[in-house]
Amino acid sequence: MKTMQLSILMLFLISIFFPLDAFAEDYTQWGLPEGATRRLGKGALRGNIVFSPDSTLLAVSTAIGIWIYDGYTGKALNLLTTQTGGMSSVAFSPDGKTLASSSSTEFYLWDVDSGEHKSTFTGHTRDITSVAFSPDGKTLATGGDWKDETVRLWDIETGTLRSTLIGHTDGILSVAFSPDGKTLASGGDYDDNTVRLWDVATGTLKATLSGHVDGVGSIAFSPDGRTLASCGDLSDSTVWLWDVDSGELKTRLIGHVDGVHSVAFSPDGSVLASGSEDGTVCLWDVASASYKTTLSTHTGSVSSVAFSPDGSTFASSSRDGTVILWDAASFAQRATITGHTSGFSSIAFSPDGRRSVSGSWDRTVRLWDTTTGNNSITLTGHIGPIESVAFSLDGRTVASSGGISVINSWFVDDYTVRLWDAATGRHKMTLTGHKDRIFDIAFSPDGKILASGSEDKNVCLWDGGTGNHLATLFGHKNSVYTVAFSPDGRTLASGGRGAIYLWDVANRQQKVSLAGSIGDPWDLAFSPDGQTLASGGTDSDVHLWDVETGEHKIALTGHTDRIISVAFSPDGKTLASSGSWKDRTVRLWDPISGALKSTFTVYADTVQSVIFSPDGNTLATAGAGGIVLLWRLGPTEEPPLLEADVNGDGVEDVHDLMLVAANFGQTGPNAADVNGDGVVDIADLIKVAGALGNAAAAPSAAMFNAKDIQHWLAQAQHLDLTDSTFQRGIHFLEQLLLMLTPTETALLPNYPNPFNPETWIPYQLVASANVVLRIYSANGTLVRTLALGHQSAGIYQDRNRAAYWDGKNELGEPVASGVYFYTLTAGDFAATRKMLIRK
């Protein structure tokens with residue numbers, strides 16, 4: 001009986017923690033450049049999104065290529081990349097067999113089924129901003145950017161240029177064919193501001209539609225071809241509707257408060273969608289030219305909108321890094337595609353190398369599992385882009401610094417340093433005092449001091465534990481771009497415009513100024529022995545300095561653009577440097593001889609930050625295109641056996657913790673007996689927890705029972721657990737308990753909503769209580785009572801714990817469509833929310 005109960009429990013745990021797609025192909029290893037082993041992130045969103053003609057696929061253009069997703073579920077299916085740059089526009093052929101995409105001055109044709117690159121077309125003299133297939137699939141239209149200013153028509157079968165349409169006075173931002181294929185519309189950039197209609201057969205200009213006060217970022221024909229929608233890309237917050245036959249303006253749709261980036265008609269032509277810099281999608285009734293509603297889920301500007309051809313799905317992409325799939329009838333959110341983070345500015349490894357932290361221009365700080373490539377925690381709170389990130393020596397604290405952002409056309413200043421709990425993602429404190437953006441931060445080797453360098457020309461020292469301001473180091477006459485501590489913590493180096501200073505940390509005095517024609521140093525790094533300082537900056541060379549004497553030792557030449565980042569390997573035998581966008585290489589040097597050891601070419605990205613893992617076997621590069629690449633430098637032998645990898649999947653994670661809990665009390669040979677004492681008990685569980693160290697990364701954390709965790713911690717107190725691993729395990733469980741202990745009782749929104757026929761109703765309890773859920777119709781009639789019984793304090797959120805309603809009344813009859821109210825009673829607490837059944 002005990003064995004059967006254990007088997008049932010194991011099946012239950014597997015169903016929770018190993019969803020059906022858990023063993024799907026690892027997309028973090030798709031389309032990697034040669035030498036890279038894993039990618040963190042999917043690349044920043046660029047250009048448009050588009051559905052395949054049969055609505056089953058969604059193509060998304062990004063900084064590293066084209067991602068192909070399932071058009072209904074949002075599941076990643078493929079990545080198409082040439083490794084030569086990002087994709088700015090994408091279009092499916094009418095038969096759905098071919099995909100066209102543009103990158104720089106070229107455009108590519110891809111086989112949709114195989115994902116293979118079929119051909120490359122060249123001819124434009126500047127970047128191609130937009131591509132579109134004719135309805136018969138025989139012609140592709142492309143628009144060229146500034147100083148090209150042409151629309152070109154290409155024969156898809158032969159690959160030849162059919163005609164060049166000249167007339168715009170600035171770059172082309174958008175092109176679109178009319179449904180009958182006889183007319184092509186093109187939108188010009190801000191020095192042109194016109195929409196031009198062209199006769200496709202003859203290449204002659206039919207009409208010029210004027211009136212926009214900014215570049216025309218997007219155009220779309222209505223399905224009947226009689227109306228053309230256009231929008232101003234930056235300061236023009238309106239959508240314009242034009243009569244195609246007469247070229248006259250029919251109306252302007254007013255509702256957004258900032259520039260409109262994209263417009264799209266529904267397949268039946270009844271609805272027009274527009275996505276704006278203000279972060280919203282507006283839906284408009286085309287017949288009456290009236291406003292319908294606003295979708296405001298995105299937290300960043302909406303860059304592209306699209307309806308699926310079958311009319312069932314609507315998609316929107318945003319610079320917040322998400323693509324949302326909506327039900328096109330109800331506009332209920334169906335799925336969210338994540339991972340398309342904006343460009344990374346900085347990266348740092350945790351002391352144990354298992355995690356890395358990245359700072360991004362989208363104002364987020366992200367913690368990553370370097371083994372799986374998963375984004376475990378996203379930290380939000382900064383109101384400006386992240387300039388720099390750092391881990392404390394004990395790995396428990398992450399620091400991040402903010403910069404200047406533009407939100408709704410307003411400059412927003414974030415001159416703060418924030419400290420975060422690396423295990424839970426909790427914001428610990430904010431350090432204020434700088435008067436301009438903070439370019440760089442660094443912890444001292446003992447973690448007691450945090451240094452920050454700012455555009456306000458100052459270097460500040462802060463207490464790494466309390467956040468108190470310790471001192472301000474004056475001396476720089478211009479912005480301070482970079483700071484770095486020596487390995488012994490006694491010296492701080494700071495680099496600013498035209499100057500590098502070395503400071504005595506103890507007495508806060510300047511020790512030496514490093515002189516020489518070095519340009520502006522953008523990054524500094526000490527060698528592990530503290531004897532050499534490396535600097536990289538605007539003069540394209542890496543400079544090595546003698547720390548003791550301040551003398552210039554050698555210049556490493558080879559980069560063809562500015563140096564953005566430098567880093568020493570832990571053994572000091574290798575120095576890494578990254579070049580800016582005209583260079584796009586990472587170079588590894590011998591710091592003793594100055595010889596170049598190897599070069600990594602990162603075609604699709606500009607590397608903003610390079611860093612070695614603590615063991616020196618991995619190099620991480622963080623790029624402006626929104627990805628971090630991990631490069632294997634060390635031996636390629638099999639990784640060492642992980643003691644806490646109970647299930648043998650090669651990763652120490654929460655799954656192993658659950659398997660230990662499931663085997664409590666078992667004796668004899670057992671993988672869950674981690675310490676090998678013959679019995680699976682609390683000591684094994686704490687040891688596995690100690691190997692994890694990141695409670696917030698646990699999937700479905702709410703499935704843990706707070707009462708059980710309290711019991712485990714009580715048991716642990718009776719053991720003499722002084723080992724650091726056990727202490728980390730206790731800390732893990734304490735943080736997990738915090739996550740599972742709500743601060744207030746609350747009734748949460750049901751999901752899905754609207755729904756048909758079933759829904760789940762989540763709630764949380766700050767204390768144990770008898771829980772009853774009552775469902776009422778809109779007129780107040782009691783429809784159903786769900787007595788949930790006595791529940792312990794905790795979070796009841798996922799489908800295995802939340803209250804469930806099958807959409808039926810007390811008699812088991814399905815209820816009618818309409819609005820219903822649900823009321824939760826738990827002790828003295830009562831709350832009511834609204835839900836909608838739509839059949």
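## Ser401

Ser401 is buried, with a relative accessible area of 0%; buried means under 20% relative accessible area, exposed over 50%, and partly exposed in between (1.4 Å probe, protein chains only). The model is predicted: local features need pLDDT of at least 70, side-chain atom pairs count only at pLDDT 80 or more, and totals for chains, interfaces and linings use all residues. Residues are numbered from 1 along each chain as its sequence is written, and side-chain values use heavy atoms, with hydrogens and water left out.

Strand β35 (residues 397-402) holds Ser401. Strands (E, at least two residues) and helices (H or I, at least four) are DSSP runs, numbered from the N terminus. The Ser401 side chain reaches the backbone oxygen of Ile438 at 3.0 Å. Contacts of Ser401 (heavy atoms within 4.5 Å) include His382, Glu387, Thr416 and Ile441, leaving aside residues up to four places away in sequence. Asp414 sits 13 residues from Ser401 along the chain, with 8.2 Å between the C-alpha atoms.

## Asp236

Asp236 lies in the loop between β19 (227-232) and β20 (238-243). Its side chain makes a polar contact with the side chain of Thr238 at 2.6 Å. A second one, at 3.5 Å, joins the side chains of Asp236 and Trp240. A polar contact is a pair of N or O atoms within 3.5 Å; within protein, one must be able to donate a hydrogen and the other to accept it, and residues adjacent in sequence count only if both atoms are side-chain atoms.

## Salt bridges

The whole structure has 10 salt bridges. Each is a side-chain nitrogen of Lys or Arg within 4 Å of a carboxyl oxygen of Asp or Glu. Arg152 pairs with Asp148, the closest N and O atoms being 3.9 Å apart. Both Arg152 and Asp148 are buried. Arg562 and Asp561 meet at 3.7 Å, N to O. Arg562 is partly exposed at 30% relative accessibility, whereas Asp561 is buried at 9%.

Arg784 and Asp806 form a salt bridge at 3.1 Å, N to O. This pair links distant parts of the chain, 22 residues apart: Arg784 is in strand β63 (residues 782-791), and Asp806 is in the loop between β65 (803-805) and β66 (818-826). Arg784 counts as buried at 17% relative accessibility; Asp806, at 23%, counts as partly exposed. Elsewhere, salt bridges with shared partners join Glu387, Arg437 and Glu455 into one network.
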